[in-house]
Amino acid sequence: MRKLVFAVAALALATTAAFADVIADRQAVMKENAKDVGTLVKMVKGETPFDAAAVLAALTALNNNVQKIDVAASFPAGSDKGDTTASPKIWEDPAGFQAQVDKFKAVTAAAVANPAQDLDALKAQVGAIGQTCGTCHEAFRVKKG
Amino acid sequence: MAVLRKLAIAALALGGAGAAAFWWLTVPEKLGAETLAALGTGDATRGQRIFDAGGCASCHAKAKSEGDARLQLVGGVELKTQFGTFVAPNISPDAKDGIGGWSLEDFANAMLKGVARDGQHLYPAFPYTSYARMKPADVADLYAFMTTLPPIAGKAPDHDLAFPFNIRRGIGLWKQLYLSDEPVVALAAGTPEKVLHGRNLVEGAGHCGECHTPRSFAGGPENAQWLAGAKAAEGDGVVPNITPEGRDMSGWSESDIASYLETGFTPEFDSVGGTMVEVQKNMARLTAEDREAIAAYLKAIPGRANGFSGSQPKPTG
């Protein structure tokens, strides 16, 4: 009996620890995305000058990062618990969440295939990317106190 | 026996007095002549800005509407709260199902006093507690704009509320506590016009306090905790503290706030989320001056500790 309790407790601990890693990993991905998007937004806001090479580099890095998103690996059942702002809706509506991830992949892929050559084009591109961020965060992220 | 009869009469009299007091305290009160005179004639172009600042389409157009569909105010969006489910009505200019038959005076009474054309109280899910602080001329502008929108037939379903919240007359008592046209944040004489304009937008049409200010057990705003953040009305999340003390925005400059409202990106390049997504889309339609005014006001208000750590009732809806 004692062994069983120990085994269950160990398993529970291991699971929590595993989710902590999953959560940390997906937060790291989001931070990377924010860094690349930041490069683009700063140009849109006029804080840095438009630079086509830097646009392509940021879009490429963003797209590489986004194409790697694997919902099953990064959002296993139970990983809504812990230090995360992932909404339970991710697991209540997995198809809806996957559709948002696919949309994100399509938007960044399209941007890399046709990177902005001037500021106006960049504004449109950043607008499309930002809207994709917002639509997914509207439904699938929850702020916690 | 005589004693009992006297007691019964006294009880009846008291009950009657109570009923009379309830009746008197809950009479739907309409606007006075002075405010009606201040409405003016209204300008549709200016009214469009108020329409966007208020985000009217977010509740009164069908959910997720884009483009011209945003201007079809057929209603139907549900707000699930601890009191029950509120359903936004049709406010398109349709004469039968919408508010096409409403005069400017009717419209202003709804916006500023929470009273419908038929004289009944409106539920404060329609945030007239905020709109009461709007300038009458802005209300007239909004009316002028809304009359230009397409009339759409179709009535939205009724609210589905639990007793006693389903008794409209009771809203009169609620208004005694919470309905005021006085500004929430008193600003000193000589406050820059920009901040005053921001106050007008945030406290009035923008109705930011409806989500960002915690509510009392009766569902009224706790203005001592103005914009200090609150538990979300729907779901398990929280709405951030947007006073200068708030963790989410504490390091933000005025231009950071204005930029967030325009682009949806935080200074760390995170994106807007939750119900703010819809609000930010509306804010992006305002002028840069409006967004800067909102930012200036948010930097000028008193800082407050988080309003979502208190003991508000958890929504059961």
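View 1. The model is predicted, with local features requiring pLDDT of at least 70 and side-chain atom pairs counted only at pLDDT 80 or more, whereas totals for chains, interfaces and linings use all residues. Residues are numbered from 1 along each chain as its sequence is written, chains are lettered from A in the order in which they are written, and side-chain values use heavy atoms, without hydrogens and water. The C-alpha trace of chain B spans about 80 × 45 × 40 Å along its principal axes.

**View 2. The interface of chain B and chain A.** Chain B contributes 20 residues and chain A 18 residues to the contact (heavy atoms within 4.5 Å). About 1600 Å² is buried between the two chains, 59% of it on carbon and sulfur atoms; this buried area is the accessible area (1.4 Å probe) lost on putting the two parts together, summed over both.

**View 3. Salt bridges across the interface.** The rule finds 3 salt bridges between chain B and chain A, each a side-chain nitrogen of Lys or Arg within 4 Å of a carboxyl oxygen of Asp or Glu. Asp270(B) forms a salt bridge with Arg141(A), in which the closest N and O atoms are 3.0 Å apart.
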